[in-house]
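This report describes selected local features of one protein model.

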Amino acid sequence: MARKFLAGLPISMALVALVLSGADATRCMAQPSANLTGKKLALARDVHSGFESALGSLIAGTMKGDVTQVVVTSDETDRLVVRVTYTGFDGGKLWVEGAGSDRKAQRLVKGSDPAVLTGESGDVDLSLSLDPNAPENTTVKSVYLRVCVAKADRTTASFVKTFELGRVWQKGLRPENVVLTVAPRAIGETAKLGPTPTYVLPPKAIHPELIRASTTLTPIRSMTLPPGGGSAAPAPSSPATPPPAAPATRSIAGMRMIAAPMMVQNPAIATKTDPAAKLLPQNVAIASISRFNFGVPQEDKNKGAKGPAANPVEPLAELRSEDIELDPSHVLGVFPGFYPDQNAASGIFYFLPYSYSLRWDEDGGYELHMIYSASSTEGQAGEVAMAARLDAGLGLRERQIASDLIAAYAKNHGLAFTSLRALPIDSLSVSFSDDLRRYNIPADKIAVTGLSDFLGQIDVSWLTDPVTKENLQQALVEDVGISGRVKFYPSGGALAPIEVPIQIRLADYTTFGGFRWTRTGPWKNATPYPIKLKYLNALVLDPSSRPVVYSWDLAGTRVPPEARVNWQAGGVPGWIDSQAKRIWLDYSVESGCQPCDDGVIRSITGGVSATGPTYITFHTITPLADAGAHEIAAQVRSRYFDPQSHDAMTKVVVLSGDGKDFTVGPVFLGSRQPGETVTGDPLYEYFLEVTMADGTTYKATHWVAGDDLRLSIGRHQLEEALGSLPGTH
């Protein structure tokens, strides 16, 4: 596959080469065979098996019988199950083997234990799989399937029959051993950059979608902030003061500016959600909301600062880039509009975040936690406390870049500039809701518990019910995400409240941010999702202090989790490393990875308490192989599926493979202990229905009670539920 990919590119590009610990790249990337489920295998023209049968008869004795058909009943990534139909061989044992083009049994392809044959004819299900101890980067092709029969006390086959199979077995490299080599290719005007600092102007002008108000916003009345943060109330106004104008609204690149009442921070919510909030890692940059310094800092007031004026300036309006889909929010973590102070002579400008997303850390993972609490009232649902750290992607480096940009802008436009500050605020509130109304968590159900001094991070926690929590979780794994708003109430009275969007997603650029690039060291995909590298971008200021982004194509290279990338960076001039304000990787996240989603959800629900919900797990031993079944449906009924009611509910889980775990739930145990037996009140009951490959179904004769959260399903459980094993009578 890698060779085919490279062959499709111009030779001069040679963008991507795959390096796999010295192994041939094409070997690891070989295409697997088509799925064989349901296929009837054709008999091979095999003189060799006839010779083996004759030789085996001489050594181990003659076995009378025949194999009349072999059908593949299941073809999974690491396991193949076949149903062998036979006549005769009474008292013998039958097994299957994978064979290569030389028709010899393959050491690395392991079969299941031989089946003991009884009666004059019948079917047996047997499996093949690649040896789990096979070396990494192994590819084995089983050209044939050999069916062998021997006497019960012998190991040498008296009968051998060969069928055409064509099954490819693969064991790839462990993710951490995958190394990709990528050569960035200059795009457009970027290719004209020389070995020493040279500046060319890319063709595309990026104008942030700032919608300038045609009229001046009506200032809201000044607010008085109560001690400790909380809600601010309007200052008393003179009887001669005219009534305030209607709320003013303005949209700014996804933000809404609304003159609206401030929301009260609810200390009761903070108390109830404290167990979840305490699971967020400690961060010295984040101050408790009770200790956050609201309003214009005193040191700035001493310089004549009064707070932000109503109209912003736009340094990034002069940004030029190559003709690529460059998101302005990826260039700089701050909103591209900077607000001058009402007193222009102070030289102070203010910035605010572009948006907020869920904070993710390479070492700690996602900073989102959920804890269930037991209900104190019979028949009432317990609450779910959730806590998250929202991140605007504003570190010291990002603030310095923003400061350099606004300083250059001010110089070019004859404006005074002394410092760049985070927007001073008197209060803030947070809310979550989506357009489909699957969830709606108003501000009075949310507590803002922590805030960094430059508005870069916000700690929030909220209370909800189990159903809404499930909706939130579903939105996360469906890549729709959780949407919300942070409403800032600027200090100074001239600027109306501003709403900054929140987008919480598991697999998204906004969550992981732009990864820094260095030419000397490899880059590792430390995220739990596959990444597709799109561009390498560098932000520089040209001699006239205009912001310019130069870009190099990375060919959409797919990088699995834990894999590394080495750079062949000869096409990136060395001076870029020191002259660029920022160099980063632009990419997309490959969503739709269920194992990835499952792992993430487990990590963020690690704080679930014993009183909260859990799941029933059915572990299949080999019931499908034992019964020769296509699938087994388990109806599960329980009085513990609904925390709000003790009426029995029924859910269905399909057991579609052997040797796997299948979950159903959640179940809310309350004060009941897992595994505890209560007379007359089982934790759950299950009813099995077995479907054979030909569509025939066998239903259980009764419901079977269970109290353990993990239940193994094998031959015994099938016989107990159905009275006998399907297909054996």
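The model is predicted. The description begins with a sheet and then turns to helices and a pocket.

**A three-stranded sheet**

An open sheet is built from 3 strands in the order β19-β20-β26, with mixed pairing. The edge positions belong to β19 (339-340) and β26 (419-422); each has a single partner strand, so one side of each lacks a neighbour in the sheet. Between β19 and β20 (residues 348-351) the pairing is antiparallel and extends over 2 bridges. Within this pairing, Y339 has Y350 of β20 as its bridge partner. Helix α8 (residues 396-412) lies across β20 and β26, and its direction makes an angle of about 130 degrees with β26.

| Helix | Residues | Buried residues |
|---|---|---|
| α12 | 594-604 | C596, D597, V600, I601, I604 |
| α14 | 715-722 | Q717, L718, A721, L722 |

For α12, the buried residues C596, D597, V600, I601 and I604 cover an arc of only 130 degrees around the axis, which places them on the same side of the helix. They pack against β23 (365-366), β24 (368-372) and α9 (466-477). The face of α12 turned away from this buried side carries Q594, P595 and R602, which are exposed.

For α14, the buried residues Q717, L718, A721 and L722 cover an arc of only 110 degrees around the axis, and therefore lie on the same side of α14. Their cover includes the helix α13 (623-627). It also includes the strands β40 (629-638), β43 (684-692), β44 (697-699), β45 (704-706) and β46 (710-713). After α14 comes G723, which has a positive phi near 90 degrees.

**The second largest pocket**

Which elements supply at least two residues each to the lining of the second largest pocket? They are β2 (65-76), β3 (79-88), β6 (115-116), β7 (121-130) and α13. The volume of this pocket is about 880 Å³. Its lining comprises 37 residues, of which D123, V124, D125, A625 and G628 are the closest to the centre. Strand β7 gives the most to the lining, with 6 residues.

Key:
Residues numbered from 1 in each chain as written. Predicted model: local features only at pLDDT ≥ 70, side-chain atom pairs only at ≥ 80, totals over all residues. Heavy atoms only, no water. Pairing = 2+ DSSP bridges. Helix = DSSP H or I, 4+ residues; strand = E, 2+ residues; numbered from the N terminus. Contact = heavy atoms within 4.5 Å. Axes fitted to C-alpha atoms, helices over the stretch in contact; angles between N-to-C directions. Buried < 20%, exposed > 50% of the residue type's maximum accessible area, 1.4 Å probe, protein only. Arc of directions from axis to C-beta. 1 Å grid on protein atoms, 1.4 Å probe; cavity = no way out; pocket = protein on both sides within 12 Å on 5 of 7 lines; lining within 4 Å. Points joined across faces, edges and corners; volume = space filled by probe spheres on them.
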